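Have the viewer open as you read.

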Amino acid sequence: TFTVRSGVPDPGSLGIRLLLAVMAAFIYGVAGFWFLDRREFGINFTVVDSIHKTIRYLTLIGDPSLVPHTRYARWFLNSLYVISVTAIAYSVLSVFRPVIYKYRTHPRERLLAKSIAEQFGRDSQDYFKLWADKSFYFSPSRRSFISYGVWSNFAVAMADPVGPEEEIEETIKGFVEFCRENDWRIAFHQAMPDYLPAYGRLGLRKLKIGEDAVTDLKAFSISGNRMKDLRNTVNRLERQGIGIKLFEPPVDDGVITELRDVSDEWLRIPGRRERGFTLGAFSHDYIKSTAVIAAEDSGGRILAFLNIIPSFKKGESTIDLMRRREDSPNGIIDYLILKLIEHLRTEGYERFNLGMAPMSRIMESESPSIEEKTIYYFSKRMNFMFSFSGLRLHKSKFATTWEPRYTIFRNVLDLPKLAITIGKLTKLDG
């Protein structure tokens, strides 16, 4: 009648379990010595004596001076050793159980998810679905997966499922049931419009949260009056001796050190911070594994950089980190993007995805819902806190098309908790 799922080992409760195990063994030993009759050992144990003897036996040191006079006394000493060994074994298992769980399941699951993404991937976000901060739900056939994170009792899936078209709706349905069995609320964050009918048939609702800026590399050009400012930026920076350099993975450690300096300067700009879940954060291993395009001055000093991440959509490339020094010339990021577009075109790519502009044109969907109208109303009046319009304006310099992105949810009352959950999942400690 009732389905009860076992949970993933939680290191947070480890200390409590260990403390309870030690306390139980300690109380047993102290109470046993204190209540023993004098004839058992020929000693009338005080509380202090009981504590001292218990500690010696629980640590397996023992006490040769303590001679049992009865069979019950010998049984009691043996029971202390048994309890001590049991407590130690329980402690070791408790400590290593989370590690064993991750070692046995997560790496294998990630390899399977990666092989599915390589075969059926169709979104620039598929790369982040494979990161260590995600868990995986697989369809019964093991040909489709959903990447998700959980905070409190809310499961947030990273965009849409990945897998063959004929399995997508059933995979969504299975994940919805999986979350119901775990008593989790559910959402799909940054979903594409392709599967909106499938979500709707399962009783889920949509909320447009922004649009991805996409450059058609064949159609894009900086000629014409509209691109005059971008042409002037390129000419001005190149007259100053600024050029570009492409670093293929694995990126040299010395280069990564300089890139970190650039990133640290960028993070000192007010309002800048590292985020996770839907974005990458600067780390040595991450940067080393991706291609990097950097802008250098005439002396070879790196002024700004972009890192290029794999997109599992055929013919598409995308970027993650965009970082610059505080003293870099104006327009340095625009210059890098233009140079990257040139490079991608020569490499045979057809599309360049600059990522999502949040709250972008959410009122321009076919029939905006009450939730979308409400979000739009508040986002317009909170623009002093969130520079959403500035981000769209910057990406619009390069975008030839805009592709809508949605959050899929069940109940409008879930939206406040969903916003908090996304904030918690994307926040990086430190």
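What follows covers the basis of the model, its sheet, a loop residue and a cavity.

## Ground rules

This is a predicted model, where local features need pLDDT of at least 70 and side-chain atom pairs count only at pLDDT 80 or more, while totals for chains, interfaces and linings use all residues. Numbering starts from 1 along each chain as its sequence is written, and side-chain values use heavy atoms, with hydrogens and water left out.

## The sheet

An open, mixed sheet is built from 11 strands, ordered β1-β2-β3-β4-β11-β5-β10-β9-β8-β7-β6. At its edges sit β1 (135–138) and β6 (243–247), each pairing on one side only. Strands here are DSSP E runs of at least two residues, helices H or I runs of at least four, and pairing takes at least two DSSP bridges.

β2 (residues 145–151) and β3 (residues 154–158) pair antiparallel over 4 bridges; Tyr 148 has Ala 157 in β3 as its bridge partner.

## A loop residue

Ala 219 is in the loop between β5 and α7 (228–239). Is Ala 219 buried or exposed? Ala 219 is exposed, at 52% relative accessible area (buried is under 20%, exposed over 50%, partly exposed in between, using a 1.4 Å probe and protein chains only). Ala 219 and Glu 350 are 131 residues apart in sequence, yet their C-alpha atoms are 9.3 Å apart in space.

## The charged residues around a cavity

By class, the lining of the largest cavity has 4 nonpolar, no polar and 5 charged residues (Asp, Glu, Lys and Arg count as charged; Ala, Val, Leu, Ile, Met, Phe, Trp, Tyr, Cys and Pro as nonpolar; the others, Gly among them, as polar).
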